[in-house]
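This report goes through a two-chain model in short sections. Please keep the sequence and the coordinates at hand while reading.

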Amino acid sequence: MNVPNTQPTGRGKIFGKELEIVISTLLRAGVLLSMAIIAVGLALLVRSTSVSGTGERLDMAGLLSYGPGAPPFPATIPAVLRGAVALDPLAVILLGAAVLVLTPVLRVAVSLAAFVLERDYIFAAITLFVLMVMALSLVVGGAA
Amino acid sequence: MSDTLFLLATFLSAVAAGIVGSILGLGGGIIIVPVLTLFLKLDIHYAMGASIVSVIATSSGAAAAYVRERLSNIRVGMFLEMATTSGALTGALVVAYLASNVLFLVFGLVLLYSAAMMYRRRHGETVAGVDSDRLARRLRLNGSYHDARSGETVSYNVTGTAPSLGLMYVAGVFSGILGIGSGVMKVPAMDLAMRLPIKVSTSTSNFMIGVTAATTAAVFLARGYINPVVAAPVALGVLLGSFVGSRIMPRMSSGLIRKVFVVIVLLVAVQMILKAFGISLGQGADLK
């Protein structure tokens, strides 16, 4: 059936709003939230490089050199969360990065829900495949 | 160089990269990695990590606008993302086995390719006469969009679905290996192979880049390539820069400026390739 499809996403509504608006809002919110967290982390970082009081001065030159072995900042999501709660500037920044990484994942999940609601099972399967690859990257890489 | 000065230098470099990237339509990654490695002498892994974070931010921000305007074809995007994410996962995992020299070489070659693409960029708006291929029809990939300039609604069909998957896989692999968005490969694939209107290609590519980059970034995060000290100023800077760039871009469409930038990108490409062979041209700031 070669019917011109004027709304490429299908005609679904999700949460009562058009799919495109949901996705668009989600993307924007995710970016803004993650940037806010990163900005806070950066402020903490700047503070820690100059504060000579209770905090130790950050060894930035050491942090910037790359070498084999475990990196000097958290590398798994649980570690990032723990560090962020403790207001470790490195962990807070990485938390922002993690939120940013999760934004497209959430966006794909929303698309999946929309396709299922529209009963477009072929595209639901396609979207599920993409979601699985993304989940796999989190697990195989070791972050989750 | 003091710590705060380093953060400031990184931030400003990122803003510049964001502006240039958005003017050229090249995306932040391809610009920021050379700037960080050649100019600020950072390790390429950290440069890639910072780059991929900024790529997610800028592409998601832009995609939000395009999706709203119904310019992106979400079905085509999702379909192709099967290939790009698979490629990105493969590429990101392979990085651990590649020496930095190899990364520099591959990067330089991709930059050469980007310069060539930038130079060739002449596009017409109409896509009359393309029939959807069988897979495209089965998946109902065709669509239409409202062209703000002409005021008409343009319908289009989609073809070349199978080869595009292959091209997208390759684009994904490069994203995973270099920490870039690979928009430079996605747009021509959609433009030439699938015969999508250029506006749909660029906005759909933008929509897809975030997903590809997130897959790459997830692996990078765990591998420790995302150094917070670098990623924070870079992400904020590139986002700001691309925002500024998108504002001044409409006034800058002169062909001369593009040609100048093509030359600059070529020079940077050559430097990256030289660096792969251990030859450093000695400019830039040393922070240690």
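## Basis

This is a predicted model, in which local features need pLDDT of at least 70, side-chain atom pairs count only at pLDDT 80 or more, and totals for chains, interfaces and linings use all residues. Residues are numbered from 1 along each chain as its sequence is written, chains are lettered from A and ligands numbered from 1 in the order in which they are written, and side-chain values use heavy atoms, with hydrogens and water left out.

## The two chains

Chain A has 5 helices and 2 strands, where helices (H or I, at least four residues) and strands (E, at least two) are DSSP runs numbered from the N terminus. Along the sequence the order in chain A is β-β-α-α-α-α-α. Of its 144 residues, 48% are buried; buried means under 20% relative accessible area, exposed over 50%, and partly exposed in between, with a 1.4 Å probe and protein chains only. Contacts (heavy atoms within 4.5 Å) in chain A between residues at least 6 apart in sequence join residues at least 24 apart in 57% of cases.

Chain B has 11 helices and 2 strands, and its elements run α-α-α-α-α-α-β-β-α-α-α-α-α from the N terminus. Buried residues account for 59% of the 288 residues of chain B. Among its contacts between residues at least 6 apart in sequence, 82% join residues at least 24 apart.

## Interface

In the interface, 64 residues of chain B contact 65 residues of chain A. The two chains bury about 5800 Å² between them, with 73% of it on carbon and sulfur atoms; this area is the accessible area (1.4 Å probe) that two parts lose on being put together, summed over both.

There are 2 salt bridges across the interface of chain B and chain A, a salt bridge being a side-chain nitrogen of Lys or Arg within 4 Å of a carboxyl oxygen of Asp or Glu. Asp120(A) forms a salt bridge with Arg75(B), with 3.1 Å between the closest N and O atoms. Ser60(B), in helix α3 (residues 44-68) of chain B, touches Leu27(A), Val31(A) and Pro104(A), leaving aside residues up to four places away in sequence. Ser60(B) counts as buried because its relative accessible area is 2%.

## Nonpolar cores

A nonpolar core is a set of buried Ala, Val, Leu, Ile, Met, Phe, Trp, Tyr and Cys residues joined through side-chain atoms within 4.5 Å. The largest has 118 residues, of which Leu36(B) and Val229(B) touch the most other members. Apart from this core lies another, of 10 residues, including Val22(A), Ala64(B), Ile74(B) and Phe207(B).

With residues up to four places away in sequence not counted, Val229(B) touches residues of both chains: Leu45(A), Met60(A), Leu63(A), Leu64(A), Leu90(A), Phe6(B) and Leu7(B).

Helix α7 (residues 161-178) of chain B has 18 residues and spans 26 Å from first to last C-alpha, close to the 26 Å expected at 1.5 Å a residue. The expected span is 1.5 Å times one less than the number of residues. Among the buried residues of α7(B) are Thr161(B), Ser164(B), Met168(B) and Leu178(B). Gly179(B) follows α7(B) and has a positive phi, near 70 degrees. Met168(B) counts as buried because its relative accessibility is 1%. Its contacts, not counting residues up to four places away in sequence, include Leu80(B), Lys186(B) and Met208(B).

Helix α9 (residues 198-223) of chain B has 26 residues and reaches 36 Å between its first and last C-alpha, close to the expected 38 Å. α9(B) bends by about 25 degrees at Met208(B), the bend being the angle between axes fitted to the seven residues ending there and the seven starting there. Since 23 of its 26 residues are buried, α9(B) is largely enclosed by the rest of the structure. Just after α9(B), Gly224(B) has a positive phi of about 75 degrees.

## Positive phi in loops

Most residues other than glycine have a negative phi. Leu87(A), in the loop between α3 (77-85) and α4 (89-117) of chain A, has a positive phi near 60 degrees. Leu87(A) counts as exposed, at 53% relative accessibility.

Lys41(B) has a positive phi of about 55 degrees and is not a glycine either. Lys41(B) lies in the loop between α2 (28-39) and α3 of chain B and, at 25% relative accessibility, counts as partly exposed.
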